[in-house]
Amino acid sequence: MEENSKLACSEVYEILNLLEDEYISKIPDRIINFFKEERDLDYEPKINVNIPLYEQNLKRETMIFITILNLNYWSDSENEKEEILTALSKNDKLEKKEQEELQERYNPDNIFKKKNELKEQITDNSEN
């Protein structure tokens with residue numbers, strides 16, 4: 001398993017240890033054991049229960065794991081699950097749009113094209 005995934009497993013395992021029994025009891029033991037066995041034993045995540053998880057600079061994979069746990073084990077209704085899936089879909093679309101914009105902005109072909117256009121403008125202006 002990749003190092004980043006091991007760190008995320010450590011963070012998830014730490015979060016699970018902070019949860020109340022009503023949440024832990026909904027997760028199969030094999031899932032909890034997965035996080036326990038795959039975690040990085042040298043990494044001790046610091047989770048503050050007074051701060052929302054999304055504000056704690058956790059690994060992206062940690063947030064993905066927590067979302068999957070929420071979707072599969074903690075969401076009690078189909079409506080809750082649908083809300084999570086809708087939010088994930090919106091996030092995915094936004095992320096793709098941002099990536100496309102970055103690709104367009106930093107595409108080497110476009111950079112050279114703009115540079116050449118600028119040279120042409122300077123040349124045209126100096127001839128006048």
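Predicted model: local features only at pLDDT ≥ 70, side-chain atom pairs only at ≥ 80, totals over all residues.
Asn17 belongs to helix α1, which covers residues 3-18. Although Asn17 and Ile32 stand 15 residues apart in sequence, their C-alpha atoms are 9.8 Å apart in space.

## Helix α1 and its buried residues

Helix α1 is built from 16 residues, and the distance from its first C-alpha to its last is 23 Å, which is close to the 22 Å expected at 1.5 Å a residue. Its buried residues are Ser5, Leu7, Ala8, Cys9, Ser10, Glu11, Val12, Tyr13, Ile15 and Leu16. Which elements do the buried residues of α1 pack against? They pack against α2 (21-24), α3 and α4.

## The nonpolar core

The largest nonpolar core contains 16 residues, and those with the most contacts inside it are Val12, Leu16, Ile27, Phe35 and Leu69. Two or more residues of this core are given by each of the elements α1, α3 and α4, and the largest share, 6 residues, comes from α1.

Phe35 shows how one of these core residues is surrounded. When its neighbours within four places in sequence are left aside, Phe35 is in contact with Cys9, Val12, Tyr13, Leu16, Phe65 and Leu69.

## The loop between α3 and α4

Gln56 is placed in the loop that runs between α3 (29-38) and α4 (60-74). Is Gln56 buried or exposed? Gln56 counts as buried because its relative accessibility is 13%, and the cut-off for a buried residue is under 20%. A polar atom of the Gln56 side chain lies 2.7 Å from the backbone oxygen of Asn48.

Asn57 is exposed, because its relative accessible area is 75%, whereas Gln56 is buried at 13%. The backbone of Asn57 has a phi angle near 55°, which is a positive value in a residue other than glycine.

Terms used
Residues numbered from 1 in each chain as written. Heavy atoms only, no water. Helix = DSSP H or I, 4+ residues; strand = E, 2+ residues; numbered from the N terminus. Buried < 20%, exposed > 50% of the residue type's maximum accessible area, 1.4 Å probe, protein only. Polar contact = N/O pair within 3.5 Å; in protein donor to acceptor, adjacent residues only side chain to side chain. Expected span 1.5 Å × (residues − 1). Contact = heavy atoms within 4.5 Å. Core = buried A, V, L, I, M, F, W, Y, C linked by side-chain atoms within 4.5 Å.
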